[in-house]
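Morning, everyone. Please have a look at the sequence and the model on the screen. I will take the two chains in turn.

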Amino acid sequence: MKPRRRIAITGVGMVTPVGNDAPTTWSNLKAGRTGVGPISTFDANGFVTRIGAEVKNFSVEAAITDRNLLKFASRPTRFALAAAEEALTDAGIRPKPATARRWGLSVGAGMIGIDFAELEAVQTFCAADGEFNPDGLLDERYPADPVAFCRSQTNAGLGLLTHHFGIHGFATAVHTACASGGQALGTALKVLRRGHADFMLAGGYDSMLNPIGISGFCLLGALSTDNDSPERASRPFDATRNGFVLGEGAGFLVLEEWESAQARGAKIYAELAGDGNSLSSYRITDSHPSGDGPIQAMQQAMADAGLLPVDVDYVNAHGTSTLMNDRSECAALRAVMGSHIDRLAVSSTKSCMGHLIAAAGAVEAGVCALAIRDSIAPINANLVKPDPDCNVNIVQGQSRPLRIRSALSNSLGFGGSNSCLAFRHPEEIDLNAQPRITR
Amino acid sequence: MNQMTNTQITKEEVLAIYPKVSEIIAAALPCEVERVKLDASLIDDLGAQSIDFLDIVFRLERAFKVKIPRGKIVTDARGDLSEADFEQKGVVTDAGLARLKVFLNEVPAERFPSPLKVADIPRLFTTETFCKMVIRQQRSGTSTPAPAAA
């Protein structure tokens, strides 16, 4: 039997509220600098929450010069194009006509594809008096725009990325809310192991920082309302936490088969070693208090990677800063890790960059890769008074120097989708996953 | 009839709306307006795709307050020729080609390949082609309802 393919992370790209590339983002995360502030992209006066974690001073044109392509790219798709370009440049390899069919793409894409301005136009012309009248769509003044329709498809980003980078192999888009980015990487891992592709560009992108996204999460009471102290608003695991901060951005990784990455002299950040994917089947917006769902995702990821609890040194938690998530996730961590939980470091980098929704899992996977490379567990910022019900070993005060043999990253989605990814230091050997069976 | 309409369009009329049409095309693609020369092929010289043609037509309709039925250029060019006389199995017939060369008289003769596939007709379209389309629609009145996209 051939051994299972080992998969290397060789490229990282990010566009986040704390940096428009991966090095800037990582540097700010390590320093605990926050990217949360008053919402500036639209007038948020009147909303209970008027703060967000916006991507700042972003210009896609520095990375992508194809102006016709950009016409079809929404704000989150622009983040995706820039982050993917950075990841490919970082990896030092990209699809060429001869290899295009061996390259794949797996993306976690946002929940809302349609721009607010387009929804507003429908309301203005079709429901000015409240009653919906579809004839308004034919009104001469209605800003009918076939390009806007193309831009708003939830798979638009997938099409633009494959087109722009010349990827002709396996391609898919994952829509599992906050778990999307993590599950897109898990899908990429499986595709590579099965040999359906030799290289995968994988990641996630999202922006719900618009009136619909903010009002929806406000209605659910999920967002922090600390409008007067935005930099402290996201404080996962703190006893005073009162909701998450909505963010936006993109993260992409280049994944490839280990031996060929070594053969071409690529730098390997870490091994993407395991994927866990579960559905809580509990409630739409609640997580199970016991951690049921995330428990199975973490156990699967560890089994897939051949990890025992004692092998795990760092967990990048989903850690949204909502009362319910943080408690339930800590319960799950304790259930999975047993007594080892007190010895491994846990942090939520959402404390600095907010919740990137469909991009979160992908960006945080990149954070794990960088944490392993630099032997640093990044700080869980804004933690002053730990919630006794979140009784895990949280990286408080400052980032912690730590050689990380292996790490986990959790992404727990709305609707009950759970993703856990496992990462291993490139010098560590997988001892527990034998025998490995593959085609 | 179409040919007659065509010949009635003077260069002066075309040049009168060319600045606005070129701005619209440049904004739609997008590209620098200087590149949108009167004789530029939108596909071969400016990299337009089919969706860009739709976008341009929508923008021209709005800017010039005219209705432009989708597929208008080819149906106008075909005129009273039946579809079977105009094309066979996706290739433009000799009669069809003759019609096109008159209708698209702004396109240099050497740009017409032979045989010409129907699917490749849009590659002939230049900025002037769109100028002429707008002028024809302005003359025919603005109340023509646009049928479904073809």
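Which residue in β5(A) is the bridge partner of Leu105(A)? Ala171(A) is the bridge partner. I will come back to that strand in a moment.

First, the ground rules. This is a predicted model, where local features need pLDDT of at least 70 and side-chain atom pairs count only at pLDDT 80 or more, while totals for chains, interfaces and linings use all residues. Residues are numbered from 1 along each chain as its sequence is written, chains are lettered from A and ligands numbered from 1 in the order written, and side-chain values use heavy atoms, leaving out hydrogens and water.

Chain A, then. It has 14 helices and 14 strands. Along the principal axes, the C-alpha atoms fill a box of roughly 70 × 55 × 35 Å.

How much of chain A is buried? The share is 59% of its 439 residues. Buried means under 20% relative accessible area, exposed means over 50%, and partly exposed is in between, with a 1.4 Å probe and protein chains only.

Back to the strand. β4(A) covers residues 103–109, and seven of its seven residues are buried. Trp103(A), Leu105(A), Val107(A) and Ala109(A) point one way. Gly104(A), Ser106(A) and Gly108(A) point the other way. In a regular strand, side chains alternate between the two faces of the sheet.

β4(A) has parallel neighbours. With β6(A), residues 199–207, it pairs over seven bridges. There, Ala109(A) has Tyr205(A) as its bridge partner. With β5(A), residues 171–174, β4(A) pairs over four bridges. Pairing requires at least two DSSP bridges between the strands.

Ala31(A) sits in helix α1, residues 22–31. Its relative accessible area is 44%, so Ala31(A) is partly exposed. Ala31(A) and Gln398(A) are 367 residues apart in sequence, yet 7.4 Å apart in space, C-alpha to C-alpha. Asn382(A) is in the loop between β11 (376–377) and β12 (400–401). Its phi is near 65°, a positive value in a residue other than glycine. Asn382(A) is buried, at 18% relative accessible area.

Now chain B. Its secondary structure comes to seven helices and two strands. The pattern along the sequence is α-α-α-α-α-β-β-α-α. Of its 150 residues, 45% are buried.

Where are the cis peptide bonds to Pro30(B) and Pro115(B)? Leu29(B) and Pro30(B) are joined by one, with omega about -20°. Pro30(B) lies in the loop between α2 (11–28) and α3 (50–64). Ser114(B) to Pro115(B) is cis too, with omega near 0°. Pro115(B) is in the loop between α6 (94–103) and α7 (127–139).

Last, Lys65(B). Its phi is positive, about 55°, although it is not a glycine. Lys65(B) lies in the loop between α3 and α4 (72–78). At 64% relative accessibility, Lys65(B) counts as exposed. For background, most residues other than glycine have a negative phi, and most peptide bonds are trans.
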